[in-house]
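Visitor: Hi! I have a structure open here and would like to talk it through with you. Could we start with the terms?

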Amino acid sequence: MAFWNEANAEPKRKFRFGVRIFGNTVAWYAKSVTAPSFEINSIEHHFSDHVFHYPGKIKWSDVTVVLVDPAGEEDVVNKTMSLLQQAGYKIPQGGGQTDEDFDTFAKADLVNNNGNVILEALSQDGGEILEKWTLNNAFIASAKFGDFDYSTEDMREIEITFKYDWASCVTGVNNGDSTYFTN
């Protein structure tokens, strides 16, 4: 018996997705994105000669988006650096000699300027959203601006890693919405 033998059922495919990072528009230059995931730690309780396990805290794993860097209006380097500047980050100008050199920024500034990151799994024709993940209170944790290399003609890729407090998921667009992991 074959693994997938239901002719009328169409599985979700890895390449049918959209990601919204910089505002509400889909980043058409997104090459890949890791789906949200979580881990629940375990707490041991010792009683007599037994060990009992209880669920502890849930920790959501980082999400990484790989983008091809288009030049011009959609320049990812410019958009990423702009988010840092809007959040209050300043490059030290006084060589560590002025108070402004030690300014910092807060999570609230990063989150308010970045907004939530949204990942959408799309239907076969791309017209319907089958699954919508929202990374709540997401902010950029790291950015790798790719490599320069004379030995290849590959497109330059930028990798952005996001931290977030929790993810929420809406599924079942065709069968009535079901919402998971929301507060």
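Predicted model: local features only at pLDDT ≥ 70, side-chain atom pairs only at ≥ 80, totals over all residues.

Guide: Happy to. Two strands pair if DSSP finds at least two bridges between them. Helices (H or I, at least four residues) and strands (E, at least two) are DSSP runs, numbered from the N terminus.

Visitor: How many helices and strands does the protein chain have?

Guide: The protein chain has two helices and 11 strands. Along the sequence they follow the pattern β-β-β-β-β-α-α-β-β-β-β-β-β.

Visitor: Which strands does S7 pair with?

Guide: S7 (129-136) pairs with S6 in the antiparallel sense over six bridges. Six bridges also join S7 to S10, again antiparallel. For landmarks, Val117 has Leu135 in S7 as its bridge partner, and Lys132 stands opposite Val170 in S10.

Visitor: How many of the residues of S7 are buried?

Guide: Six of its eight residues are buried, so S7 is mostly covered. Buried means under 20% relative accessible area, exposed over 50%, and partly exposed in between (1.4 Å probe, protein chains only). Across the protein chain, buried residues make up 28% of the 183 residues.

Visitor: Switching topic: what is the strand order in the open sheet?

Guide: Four strands form that sheet in the order S2-S5-S9-S8, with antiparallel pairing. S2 (30-33) and S8 (139-144) are at the edges with a single partner strand each, so one side of each has no neighbour in the sheet. The twist averages 20° from one strand to the next; axes here are lines fitted to C-alpha atoms, for helices over the stretch in contact, and angles run from 0 to 180 degrees between N-to-C directions.

Visitor: What packs on the sheet?

Guide: Helix H1 (residues 76-86) does, touching S5, S8 and S9. Contact means heavy atoms within 4.5 Å. The direction of H1 makes about 30° with that of S9.

Visitor: Ile160, noted. Which residues have the most contacts inside the largest nonpolar core?

Guide: Ile160 is one of them, along with Phe22, Leu67 and Phe162, in a core of 24 residues. A nonpolar core is a set of buried Ala, Val, Leu, Ile, Met, Phe, Trp, Tyr and Cys residues joined through side-chain atoms within 4.5 Å. S5, H1, S6, S7, S9 and S10 each supply at least two residues of this core.

Visitor: Now the aromatics. How many pairs are there?

Guide: The structure holds three aromatic pairs. Rings of Phe, Tyr and Trp (its six-membered ring) pair if their centres lie within 6.5 Å; planes under 30 degrees apart count as stacked, over 60 as edge-to-face and the rest as tilted. Trp28 and Tyr29 make an edge-to-face pair, 5.2 Å centre to centre with 80° between the planes.

Visitor: Are Trp28 and Tyr29 buried or exposed?

Guide: Trp28 is exposed, with a relative accessible area of 60%, whereas Tyr29 counts as buried at 5%.

Visitor: What about Trp60 and Tyr164?

Guide: Their ring centres are 6.1 Å apart and their planes at 50°, so the pair is tilted. Trp60 lies in S4 (residues 50-60) and Tyr164 in the loop between S9 and S10, so the pair ties together parts that are 104 residues apart in sequence.

Visitor: Last one: where does Ile21 lie?

Guide: Ile21 lies in the loop between S1 (17-20) and S2. Ile21 is buried, with a relative accessible area of 1%.

Technical notes:
Residues numbered from 1 in each chain as written. Heavy atoms only, no water.
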